[in-house]
Amino acid sequence: MEQAIIVTVRHEKEDRDWSAEDLLAELRELAISSGVKISTEVIAKCSRFSPRYLIGEGKVGEIASIAEEKNSNVVIFNHDLSGTQQRNLEETLNIKTIDRTQLILDIFAQRAHSKEGKIQVELAQLVYLLPRLVGKGIILSRLGGGIGTSGPGEKKLEIDRRKIREKITRLKRDLEDATRQRDARRKNRERFSASTIAIVGYTNTGKSTLFNALTNAGVYVMDKLFSTLDPTVRKYILPNNQRVVFSDTVGFIHNLPHHLIESFKATLEEAVQADILIHVIDISHPKVLEHNKAVHGVLAELGIENKPVINVLNKKDKVEDEIMLSGIKRYFDSPIIISALKKEGLDDLIDRLITELSSFMTDIKVTLSHNDMGKYNIIHEYGEVLKEEYREDSIYIEAKVPLRLKTMFF
Ligand code: GDP
Ligand code: MG
C-alpha cells in the first residue's frame, strides 16, 4: 500500500466557509477511498498562491523532510496544481505529487464499471495529463505506478504524448459507439423489466455497505448475468415478488472540479436510468447538511432531481444523542433511519420501496389459453399473482405486474 502525505491548502479568502480541519477531513476521506495509507497530514494556510509551488517554500521544505523521514511514496494536495507547480514540487520533493483532480480521477477509474463510464474516465485522465507531459519529472513518477496512474479496469495510463493523442481520438469514437450500444441494451433490459433502484449519496456515507446488506440478505437471488458483468448491479426479489435491480454508485464529492463533471456523470449512468433513488445520508457526519446540498446540486445537474427519492439516514448507531437525531430528521422528507452496518431498519426501507414502487405496478386480469405459457411464466416471474383459477381450457389470473410489461404483453 502506498504511504501518502496529504496536504490541505486553505486559502483565506476562497475557502471561507470551510475550516482547515473540514478540508483536511474531506481530503482524508478521499485519500482513503483511493486506497492509500496516510502517513502524515499537513495543513498549509495561504493568503496567496505561489505560481512556483502553490504553497510557500518553507512548507515545501517541511514536506520534503517528512517525505524522507517517513519514506512516503506520494504527496496528495487538496488543491489543483498547474503543470509547472506539479513539476516543481516533484523535483524539489523528489516524490510523486498529485492533486485533487488526479485523486478523484483515480477513484473514478477504480469505480467506473460501465463501458461508457470507463471510456469517459480514461478520456478525462488523458486530457488532464497531456499538457503536463513536459519535463521528465511527471513521466518518471508516472512509471512508478500506484495512485494517480491507474486507468479504468486493470490498465495503466499511457505516458507517451503521441500515443496519448491517438488514444484520445480513438476513445472519443469508442464513446459514441458505446452510447449507441447502451441504448440498445437498455431497450432490451426494459423488455423484461425489473424496476431499477440506484443508491446514491455523498462519498463514505455507507452506500456500498447498504447495497451489500440488502442484496446479501437471504431472500435475494443473485442474477448470474448481472453479478458477473458488473459487481455494482444486483437483482433482488422483494417480498411481494417484485423484481428490482439495485445499483451502487460512486460517491458525490463537494466542489467537484467542473471539468470532471462529465466523467463523474458517466459513473452515475445507473442513477440517471433508475426509476427510484435511494439517497444514503451519513447522519453522524458533522457536515451532513452541506453534503445533502452538494448531492442535490449534482442531481439537478444530471437533470434527475425530480425522480422519486427515498431519504435513508444511515449510521444511526453512531448517533447517541436523540435530540440531535430528531433535529437532523426534520431536514429530510419522510426519512428512513437505519444502520447499514448493523443491518437495522432495513425492513422499513424495503416496505417503503414496495410502496414507492407500487406506482410502477398495475393490476391485470387475464384469461390465458394453454398455448400462452410464455405469458403465464412472465406473470409469475415478474408479477405478484393475486388469484389464479384453472378452468377447462384456460387459466384465469389476477396479478400485479410492472407497468411496462402490461403495455408490452397484455
Ligand atoms: P460508500 O462510500 O458510501 O460506499 O460507503 P461505504 O459503504 O464504503 O462505507 C464507508 C464507511 O462507513 C465504512 O467504514 C463502513 O463500515 C462505514 N459504515 C457504513 N454504514 C455504517 C453504519 O450504519 N454504521 C457505522 N458505524 N458505520 C457504517
Ligand atoms: Mg461505495
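## A exposed lysine, a buried leucine and a helix pair

Lysine 343 is exposed, with a relative accessible area of 54% (exposed means over 50%, buried under 20% and partly exposed in between, using a 1.4 Å probe and protein chains only). Keep in mind that this is a predicted model, where local features need pLDDT of at least 70, side-chain atom pairs count only at pLDDT 80 or more, and totals for chains, interfaces and linings use all residues. Residues are numbered from 1 along each chain as its sequence is written, and side-chain values use heavy atoms, with hydrogens and water left out.

- Most residues other than glycine have a negative phi.
- Lysine 343 has a positive phi, near 55°, and is not a glycine.
- You'll find lysine 343 in the loop between β10 (336-337) and α14 (346-357); helices here are DSSP runs of H or I with at least four residues, and strands are runs of E with at least two, numbered from the N terminus.
- Leucine 54 isn't a glycine either, yet its phi is positive at about 70°.
- Leucine 54 sits in the loop between β2 (37-46) and α2 (57-70), and it counts as buried, at 1% relative accessibility.

**Helices α4 and α5**

- The axes (lines fitted to C-alpha atoms over the stretch in contact, with angles from 0 to 180 degrees between N-to-C directions) of α4 (residues 100-111) and α5 (residues 115-129) come within 9 Å and cross at roughly 155°.
- α4 and α5 are therefore roughly antiparallel to each other, a label for angles over 145 degrees.
- Contact (heavy atoms within 4.5 Å) involves residues including Leu105 and Phe108 of α4 and Val121 and Tyr128 of α5.

Notes: Chains are lettered from A and ligands numbered from 1 in the order in which they are written. Angles under 35 degrees count as roughly parallel, over 145 as roughly antiparallel, 65 to 115 as roughly perpendicular and the rest as oblique.
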